[in-house]
Amino acid sequence: MVSDLRALAKYVEPGVRLALPVDYAGVSMAMTRPIMERNTRNLDLVCVPTGGLQVDQLIGAGLVRSVETSAVSLGEAGGAPRFNAAVKDGAIALKDATCPAIHAGLMAAQKGSPFMPMRGLIGSDLLRHRSDWHVIDNPLADGSDPIVLIPAIKPDITIFHAPMADRYGNVWIGRRRELAAMAYASATTLVTVERIVDDSLLANEMSAAGVLPALYVTEIAVAPKGAWPYGLWGEYPTDTAEILRYARAARSAEGFADYMTNAQMEPA
Amino acid sequence: MMSEVHPREILICTIAKLLDGVRHVAVGASSPIPAAGAMLLRALKQQAGEKGPRISILGSVEHNFFTNGSAELFDCAGQGRIDAFFLGGGQIDGRGNINLVGTGDYPQTPVRWPGSFGSAYLYYVVPRVILFREEHTPRALVEKVDFISTPGVSDNGVYRSGGPIALLTSKALFRFDKTRPGFDLQSIHPGHDLAGIKDATGFQFAHESQPEQTALPDQQTLALLRGRVYDEVAETYPDFAAQMRREIERPLSHAS
């Protein structure tokens, strides 16, 4: 079940709906380059619930058709330069959301339900620009009670990075439960890990509750420091200097191309 | 004798007052001043022998009680388990609408900001939302936002258990009156005046003819802030805590 990164990247066909996690949850930065090498275009990204460096790089490489997200930024390093440029140029379609709406859509998919009702949103321009979101009158209320329905979000592929998997294909996700939510909702889940352990993570009651079972995991590859320059919870901190270096370089399309060609793709 | 009060310390102490009485306050990522305000309130309460509020700081491992991923904050808020939260905004308008998306016509906004994050939910369901924006200029505080990430008020019949209670900037404190709807000038921070506030504010607001000055912290509060609270803040925001401690050592004319 342990594959290399290029084998994982083959799942990413043109036009797939690809779910990627928030910057602190476990981003598989190690997969960014193998996906770019395949030059698979027209990707529809789903950021769970926000996007950062990986999303900006896939957009900068021209591989992205649309982005569904609650935000895209480089955190302390500021705005996401290639995302912002693509918005200004009209190069990508936007599905602006709010964090709990992304979670609600994944939750609906997890349950095999067509939608999830959600409070908030009414009167916002987010709702006005989302023809896929619908307002109904709560059928259980006595009086009028409008509520928004968020359709199920069913990604073709989820990709994330985690500290470890066992040799049975179970993945340790700890308290980062959004990674499980993504995997439950997705047809295919690709995971990179720091290491593979011999003993089953499900054999120990202390670890079992923090495990995404192999049932939901399609392929695993080992990628040490695979979240870099992002950090990985419990393992290593974010390399803020490297993200700042990227933020400066990627202000222009040329600077971005230069960075992607010449910058080292692994931690020093 | 302590050095003079730093302008940001007035903001921190004002936030602690606005939060008085909350059981659970959540603070977003990269928000050191709101976090310091919440920590100051907790320290004051505990000094008085009370329990003080629970504080959840997003993005912090130490000050985070959640084990159910990034959805848990919103589930918590939706049930009324979070009493207070802070929102900023690239633009905030006179009706309390917030724009976190960008300027100009959507979607091809010439200036794009990150996005709405959780605002289009939390603003509806958290009872005490404090709008906090240090920049007090006509481009930040506008008559009408270019894009409503989340509205200040909702029509009758729309579920709304939360919303804005105040707007705090580097120059002044406003209270939000949802019946008008609009902002009332509550107090002006030291060093600013009504004419200057009017020039710097892009929307109309109600005010007394002689507005109050924002209260300064007493010596006991200031001592707690400069001792225990900056120590606690330093665990999550080391750069901010160090900067505050450097600046309060200098004469006020050089600070901020």
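The radius of gyration here is taken over C-alpha atoms, and the globule rule to set it against is 2.2 Å times the number of residues to the power 0.38. We're working with a predicted model, where local features need pLDDT of at least 70, side-chain atom pairs count only at pLDDT 80 or more, and totals for chains, interfaces and linings use all residues. Residues are numbered from 1 along each chain as its sequence is written, while chains are lettered from A and ligands numbered from 1 in the order in which they are written.

**Exercise 1.** Work out how the radius of gyration of chain B agrees with a compact globule.

Step one: for 256 residues, a compact globule would come out near 18 Å. Step two: chain B has 18 Å, so the two agree. Step three, the box: along the principal axes, the C-alpha atoms of chain B fill roughly 50 × 50 × 35 Å. Step four, burial: 46% of the 256 residues are buried (20 or more other C-beta atoms within 10 Å of their own; exposed is 12 or fewer, partly exposed is in between, and C-beta atoms are placed from the backbone).

**Exercise 2.** Describe the sheet in chain B that has the order 5-4-9.

Start with the inventory: chain B has seven helices and 13 strands (DSSP runs numbered from the N terminus, helices being H or I with at least four residues and strands E with at least two). Three of the strands make this open sheet, and its pairing is mixed (strands pair if DSSP finds at least two bridges between them). Its edges are strand 5 (98-99) and strand 9 (141-142), each pairing on one side only. Next, zoom in: strand 4 (residues 91-93) and strand 5 of chain B run antiparallel over two bridges.

**Exercise 3.** Which residues have the most contacts inside the largest nonpolar core?

First, the term: such a core is a set of buried Ala, Val, Leu, Ile, Met, Phe, Trp, Tyr and Cys residues joined through C-beta atoms within 7 Å. The largest one has 162 residues, and A:L45, A:V171, B:L40 and B:I130 have the most contacts inside it. Helix 2 (residues 32-47) of chain B gives the most to this core, nine residues. Now take A:V171: leaving aside neighbours within four places in sequence, its contacts include A:A162, A:V191, A:L212 and A:I220 (contact means C-beta atoms, placed from the backbone, within 7 Å).

**Exercise 4.** Is A:P49 buried or exposed?

Find it first: A:P49 sits in the loop between strand 3 (43-48) and helix 3 (53-60) of chain A. Then count: 29 other C-beta atoms lie within 10 Å, so A:P49 is buried. Leaving aside neighbours within four places in sequence, it touches A:V22, A:S70, A:C99, A:I102, A:H103 and B:S70. Carry on to helix 3 of chain A: eight of its eight residues are buried, so the helix is largely enclosed by the rest of the structure. After that helix comes A:G62, with a positive phi near 75°.

**Exercise 5.** How many residues of chain A are in contact with chain B?

The tally is 38 residues of chain A against 36 of chain B. Among the elements of chain A that each supply at least two residues are helix 4 (81-89) and helix 5 (99-111). By type, the chain A side splits into 14 nonpolar, 14 polar and ten charged (Ala, Val, Leu, Ile, Met, Phe, Trp, Tyr, Cys and Pro count as nonpolar, Asp, Glu, Lys and Arg as charged, and the others, Gly among them, as polar).

Notes. Two residues are in contact if their C-beta atoms, placed from the backbone, lie within 7 Å.
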